[in-house]
Amino acid sequence: MQEIDVLGRLLEEAEALLKASGVTYVVDRTEPTHHKFPVDETHLYVVRQIAVPEDGLIHILAAAKQRKEVFDDGIQNQR
């Protein structure tokens with residue numbers, strides 16, 4: 001199995017690299033259990049990459065980027 005490192009990349013970029021290399025992969029998503037911090041669902045990043053020789057796949061775990069918490073008036077961390 002060809003090894004290609006996509007850890008830390010945007011999911012979109014990682015998928016393009018894997019497809020171009022002819023690597024078969026599956027993607028799972030993880031989400032926070034508490035929604036205390038907002039996340040940006042449009043920016044998914046690869047947070048785990050595991051090659052499984054038994055099934056010949058690379059298993060990718062993607063997570064949304066945590067957004068910077070800014071209030072409507074533009075001031076951060078105000079309470």
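A salt bridge is defined here as a side-chain nitrogen of Lys or Arg within 4 Å of a carboxyl oxygen of Asp or Glu. The structure is a predicted model, in which local features need pLDDT of at least 70 and side-chain atom pairs count only at pLDDT 80 or more, while totals for chains, interfaces and linings use all residues. Residues are numbered from 1 along each chain as its sequence is written, and side-chain values use heavy atoms, with hydrogens and water left out.

Three salt bridges are present in the structure. Arg-29, Glu-31 and Glu-41 are linked in a network of such bridges. Strands (E, at least two residues) and helices (H or I, at least four) are DSSP runs, numbered from the N terminus. Arg-29 is partly exposed, with a relative accessible area of 40%, and Glu-41 is also partly exposed, at 41%; buried denotes under 20% relative accessible area, exposed over 50%, and partly exposed the range in between (1.4 Å probe, protein chains only). A salt bridge also joins the side chains of Arg-9 and Glu-13, at 2.4 Å from N to O.

The three strands form an open sheet of mixed pairing, in the order 1-3-2, where two strands pair if DSSP finds at least two bridges between them. Strands 1 and 2 stand at the edges with a single partner strand each, so one side of each is left without a neighbour in the sheet. Strand 2 and strand 3 run antiparallel and are joined by 10 bridges. Asp-40 stands opposite Lys-65 in strand 3.

Apart from neighbours within four places in sequence, Leu-18 is in contact with Ile-4, Val-6, Val-23, Tyr-25, Ile-58 and Ile-60, contact meaning heavy atoms within 4.5 Å.
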